[in-house]
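Hi,

Here is the model I said I'd pass along. Have a look at it first, and my notes follow below.

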Amino acid sequence: MKIFLDTGNVKDIEAMMPLGIVDGVTTNPSLMAKEGGDPRAIIKRICEVVQGPVSAEVVATAWEAMVAEGRDLAAIDAHVVVKVPFTRDGVRATKLLAGEGIRVNVTLIFSATQALIAAKVGAAYVSPFVGRLDDIASDGMGLVRQIVEIFEAHRFATEVLVASVRGPMHILEAARMGADVCTCPSAVVEACFKHPLTDIGLEKFLKDWEKAQAARS
Ligand code: G3P
């Protein structure tokens, strides 16, 4: 399963890349607004750093404007994946952009039928928002299970990109279910590194080693 960082923060991405575990990045208008500055320049820089798929979202809502904005975003860098919200206009824009060979990530997916429609019009990715479903006492990961099952049964090439991730359990479940990608805030990736038994184990190894060295000298 690929791991993407869900952020528009270049410093966060630069800090994580040397670990070799980040395959791509997703952004959205809220994340980009948080960064300030020139969004096109930020997307370009992220593409240079990541050298993998980088989702940049349209803010237009009418299909003609979505297509124009999508083409414009795709022209920033070959790694850009155009992110389009799941609306009637978004679906129409996805069909057209995908027809031009532009990769589209259909976002704000909250039902399996939305994911099915997005796959039918050629989306490269669908983004079910698991955390936001969990927040309203719905089953976010249950939705991912349904989408994975449908895409496997019908051999869609569309990748399931688990979004709105809140913690390591979402990553674990996404991997177990066979999701293609999990996009995570960097704090969630950091959390996967922490285990008290690793810390205790390493401390003991080093103490034992030091004791043996001291006994030899
Ligand atoms: O990028 C889309 C998604 O991951 C947003 O997550 O935390 O705002 O629900 P969140």
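Among contacts in the chain between residues at least 6 apart in sequence, what percentage join residues at least 24 apart? The figure is 55%, with contact meaning heavy atoms within 4.5 Å.

Before the rest, some ground rules. This is a predicted model, so local features need pLDDT of at least 70 and side-chain atom pairs count only at pLDDT 80 or more, while totals for chains, interfaces and linings use all residues. Residues are numbered from 1 along each chain as its sequence is written, and side-chain values use heavy atoms, with hydrogens and water left out.

The overall picture: the chain has 11 helices and 8 strands, taken as DSSP runs numbered from the N terminus (helices are H or I with at least four residues, strands are E with at least two). Its C-alpha atoms fill a box of roughly 75 × 40 × 30 Å along the principal axes. Of the 217 residues, 46% count as buried; buried means under 20% relative accessible area, exposed over 50%, and partly exposed in between (1.4 Å probe, protein chains only). Accessible surface comes to about 11,300 Å², and 57% of that belongs to carbon and sulfur atoms (Shrake-Rupley, 1.4 Å probe; for residues, only the protein chains shown count as cover).

Buried in H5 are Gly90, Val91, Ala93, Thr94 and Leu97. They sit on the same side of H5 because they cover an arc of only 165 degrees around the axis, the arc being that of the directions from the helix axis to the C-beta atoms. What do these buried residues pack against? Helix H4 (63–74), strand S4 (80–85), strand S5 (104–109) and helix H6 (112–120). The face turned away from the buried side carries exposed Arg88, Lys95 and Gly99. Just after H5, Gly101 takes a positive phi of about 85 degrees.

Last, the cysteines. There are 0 disulfides in the structure (a disulfide is a pair of cysteine sulfur atoms within 2.5 Å). Cys47 is in none, and its nearest cysteine sulfur, that of Cys184, is 19 Å away. The sulfur of Cys184 is itself 4.0 Å from the closest cysteine sulfur, in Cys182, which is too far for a bond. Cys47 is buried at a relative accessible area of 0%, and Cys184 is buried with a value of 0%.

Cheers
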